[in-house]
Amino acid sequence: MAGIAGYFGPAREPEVLQAMVRKLAHRGRGGEAFYLGNPVFMGMRGTAQDEQQQPAYRHDDSVVVLFSGVIVNYASLREDLLRKGIHFRTDSVAELVLHLYEVYGLNVTAHLRGRFVFAVHDTLKNFVFIARDRMGREPLYYTTTSSGTFVFASEVKALLEHPGVQATADMRAVDAYLSMGYSPGPGTFFKGVHKLPAGHRLIWNPGLHVMIEPYWQWESYMHGDPSLKTEDDYAERYHDMLDETIERATIGLSNPGIALSGSVEESVIANALVKNTGRSLESFTVGFDDGEAALAPAREIARKLGTRHTELICAPQDMAKLPEIVWALDEPVADVSALPSYMLMQRSAQSTDGIARGNGANEMMGGLLPQDVFQRVSHLKGLHGGIYGMAARFMPDSWLEKQYDFSGSLGPRRRERLLALLRETRKGSGIARRYNMICAVFGHRDKMQAYSPLLSPVMDSYIDGRKDPAGWHSDFATMLALQRDNALSDNTLMQADKLAGLASVDQRLPFMDHALVEFTLGLPDRLKYHEGKGKVGLRSYLQRYVPGLPEISRRDAEMPLHRYMTSRTMRDIVETCLSERAVASRGLFKPEAIRARINESREGDMICLRQVFALTMLELWFRVYIDGEKGWGH
């Protein structure tokens, strides 16, 4: 792990840049390195080797590079540059990027395979060039101060160490969060602070001109490979790419581990690593304290593949770690899986130098519950839709829960949303509108009931501007594109990076390798989702190499939210953060509406449980980052 930070503008006392970099201390187990090239001031935190080999300088010091990340094709790129007659002084990735920049200029990103964010100061051309990897696996935030200084960092908490950057909440981001469960880019919860989008580059010059442009786009790969004629052809190529990509995933790790949740994607990773590398691997799974359901599949997979297996139990009292998670993430998330992910990263850091996980496979291959609901309901039109609507209205909860593998009790609010989705589907409403109805933490009606006059003016300002992506070949493909547009980099991968960074553990995500992603985008829909099952291509891989492996159900994989939210630990946090006095003092919501939500959540309504969790994380964020209360953060 590593992180970078810096500012471009008038020089400040050295302690400013030092404080920014030291705020990233958790992202690297080594030391710090700095570059002071007035008006460009940059630094990084990484491994001990990073400290010794960064920044990388051109022979005449006219170009300097700072780098954070992992390049899995490092060896082949280095060999190619050596053949071109380029001399290396170190074996650092920063120097590799330096020489690639000398050869290819701004097109350097086209040659890099992996996760990265880097900054190049070219003193001859008098600009700074910053780039973020295609998937957005490495984060980068930036802002411009009132005096015109450009400030950037891998995490917002480092930005806030610059005296010109103030922590002020953006109400539009709060509203978007309550819709989506995360803060969609390019904005953030902090007014004036932005995310550099995945697959983009930024160029800054001393004239205070900032240009941001994409160098990679999803839409370029929406069409499949014309040389592949059948689904079997696609499946064969996909399986080969899985083996090649996963084998690369642990390059540079001396003692890798694997997450083994019992999901299809992580079983694929475990099998490919064991089969292709022959390495002895340590595996980890996180379960809950309500029995064996979440542990048994991973335990059996570990036995069959011969991994050294560790089981972790996430208990209700672990909810006390939520404030530290909010501090780590910079922005709140309404995703309870952040807690078991936190525990996984903390434990794996004790005995490995990196861990491979399956993040991103669900988003790319139709494995999420909202994707499943969308696909099932999207076919219910005409008479079939009317019949199903009647059944959904009058059949018992147990029938609907079985249909969609809902976690916990269905509850009247979730049934109301499903019926509303059916109506919108029969009306032919846009895909973005329908998918937002499935994913929303707070729907429009919920916001009308809960918002105070402070939030009402920005209600649904993000949702109203969300449009259907154009050009995709089916409603399903368009829905996947909606999911990827923000949720992948701004939620799934952001959580993965920040929680791994908090533990200083190197996390490898083979399904987010851009070459595999590009091929996956063109896969036929039936190899992603078919007959009520997502991740079809991954399932066929397992059936080919290790048939009979167990798979954890979606229900068993999820935290038993009602029991954890009503535990003494969480009730204390909720009563502190969402008391009528606290809500009234914050001024965002009507206290009586929030109290009603809390009461309904204690009855087991799943939507209300998720809403109360989201509101609690939001209030924790305000207390940690806006109020600066001590005792909440890291």
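Reader: Leaving aside its neighbours within four places in sequence, which residues is aspartate 175 in contact with?

Author: This is a predicted model, in which local features need pLDDT of at least 70 and side-chain atom pairs count only at pLDDT 80 or more, while totals for chains, interfaces and linings use all residues. Residues are numbered from 1 along each chain as its sequence is written, and side-chain values use heavy atoms, with hydrogens and water left out.

Aspartate 175 sits in helix α6, residues 171–180 (helices are DSSP runs of H or I, at least four residues, numbered from the N terminus). Aspartate 175 counts as buried because its relative accessibility is 0% (buried means under 20% relative accessible area, with a 1.4 Å probe and protein chains only). Beyond its neighbours within four places in sequence, aspartate 175 is in contact with Lys447, Tyr451, Val458, Met459, Asp460, Ser461 and Tyr462, where contact means heavy atoms within 4.5 Å. With one of these residues, Asp460, there is also a pairing of polar atoms: the backbone nitrogen of aspartate 460 lies 2.9 Å from a polar atom of the aspartate 175 side chain.

Leucine 455, again leaving aside neighbours within four places in sequence, is in contact with Met171, Val174, Leu178, Leu588 and Phe589. Leu455, Leu178 and Phe589 are among the residues with the most contacts inside the largest nonpolar core, which has 91 residues (a nonpolar core is a set of buried Ala, Val, Leu, Ile, Met, Phe, Trp, Tyr and Cys residues joined through side-chain atoms within 4.5 Å). Helix α27, residues 606–626, gives the most to this core, with 13 residues.

Terms used
Helix = DSSP H or I, 4+ residues; strand = E, 2+ residues; numbered from the N terminus. Buried < 20%, exposed > 50% of the residue type's maximum accessible area, 1.4 Å probe, protein only. Polar contact = N/O pair within 3.5 Å; in protein donor to acceptor, adjacent residues only side chain to side chain.
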